[in-house]
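Let's read a structure together, one feature at a time.

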Amino acid sequence: MELVLKSAAFVDGGEIPTRLTCHGEDRSPPLCWSDPPEGTRSLVLIVDDPDAPDPAAPRMVWDHWVLFNLPPTCRELVEGADPTTGLPAGVGQGLNSWGRTGYGGPCPPIGRHRYFHRLYALDTRLPDELGTPTKDRLLLAMEEHIIARAMLVGVYGEE
């Protein structure tokens, strides 16, 4: 069974609206996905930018949002989802590249960047001992547990 990730705000490969960036309201995009495969115990969402700081000479991947232990019954996140509105109870948040939890929207210093929204279905719920992990620590913890994945790419910035 294929896992599919979509947004009502932009199509795959399309322009991310300014309201969802640092030049607007800096709100997380609305996201929805298909039913995960049987045996899914949790979902992970990672949003990152592999074109930082300059798409012509990328030097790092900038992490914008790191969520884990989304319940397998969850099928969407509303626009502007945060711990008080739109995130299911028990969802863990990892550190983004600003060194904080939560969503940080596209804010490219130069050029047009790609923003990868990756959803993973896991055959386990990740341990609470993870605390507030970096993306790399989270990827390591989930490495042997991925049973399905989906990706949605948006672009933002000047040509």
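Q: Is tyrosine 103 buried or exposed, and what is its relative accessible area?
A: This is a predicted model, and in it tyrosine 103 has a relative accessible area of 13%. Buried means under 20%, so tyrosine 103 counts as buried.

Q: What is used to describe a pair of aromatic rings?
A: A pair of aromatic rings is described by two things, the distance of the centres and the angle of the planes.

Q: How many aromatic pairs are counted here?
A: The count comes to two. One joins the rings of tryptophan 62 and tryptophan 98, whose centres are 5.4 Å apart. Their planes stand at 80 degrees, and planes over 60 degrees apart count as edge-to-face, so this pair is edge-to-face. The pair also links distant parts of the chain: tryptophan 62 sits in strand S5, while tryptophan 98 sits in the loop between S7 and strand S8 (112-122), 36 residues apart.

Q: What are the relative accessible areas of tryptophan 62 and tryptophan 98?
A: Tryptophan 62 has 25%, so it is partly exposed. Tryptophan 98 has 36% and also counts as partly exposed.

Q: Which aromatic pair involves tyrosine 103?
A: Tyrosine 103 pairs with tryptophan 65, edge-to-face, at 5.4 Å centre to centre with 75 degrees between the planes. Tryptophan 65 belongs to strand S5 and tyrosine 103 to the loop between S7 and S8, so their pair ties together parts 38 residues apart in sequence. Tryptophan 65 is buried, because its relative accessible area is 1%.

Q: In what order do the strands of the open sheet lie?
A: Follow the six strands across the sheet: S2-S9-S8-S4-S5-S7, with mixed pairing. The edge strands are S2 (14-15) and S7 (92-93), each of which pairs on one side only. To look at one pairing, take strand S5 (residues 60-70): two bridges join it to S7, and the two run antiparallel. There you can find leucine 67 opposite glutamine 93 of S7.

Q: Where is a cis peptide bond found?
A: Look between alanine 52 and proline 53, where a cis peptide bond has omega of about -10 degrees. Proline 53 is placed in the loop between strand S4 (42-52) and S5.

Q: What are the phi values of aspartate 26 and asparagine 69?
A: Aspartate 26 has a positive phi, near 55 degrees, and asparagine 69 has a positive phi near 60 degrees. Aspartate 26 is in the loop between S2 and strand S3 (31-33), and its relative accessible area of 29% makes it partly exposed. Asparagine 69 lies in strand S5 and is buried, with a relative accessible area of 2%.

Q: Which residues does lysine 135 touch?
A: Leaving out residues up to four places away in sequence, lysine 135 touches Ile46, Asp48, Val61, Asp63, Val66 and Leu95. A polar contact of 2.9 Å joins its side chain to that of aspartate 63. Lysine 135 lies in helix H1 (residues 135-142) and is buried, with a relative accessible area of 9%.

Q: How many residues separate lysine 135 and histidine 64 in sequence, and what is their distance in space?
A: They are 71 residues apart in sequence and 9.8 Å apart in space, C-alpha to C-alpha.

Methods. Residues numbered from 1 in each chain as written. Predicted model: local features only at pLDDT ≥ 70, side-chain atom pairs only at ≥ 80, totals over all residues. Heavy atoms only, no water. Helix = DSSP H or I, 4+ residues; strand = E, 2+ residues; numbered from the N terminus. Buried < 20%, exposed > 50% of the residue type's maximum accessible area, 1.4 Å probe, protein only. Contact = heavy atoms within 4.5 Å. Polar contact = N/O pair within 3.5 Å; in protein donor to acceptor, adjacent residues only side chain to side chain. Pairing = 2+ DSSP bridges. Phe/Tyr/Trp six-rings, centres within 6.5 Å; stacked < 30°, edge-to-face > 60°.
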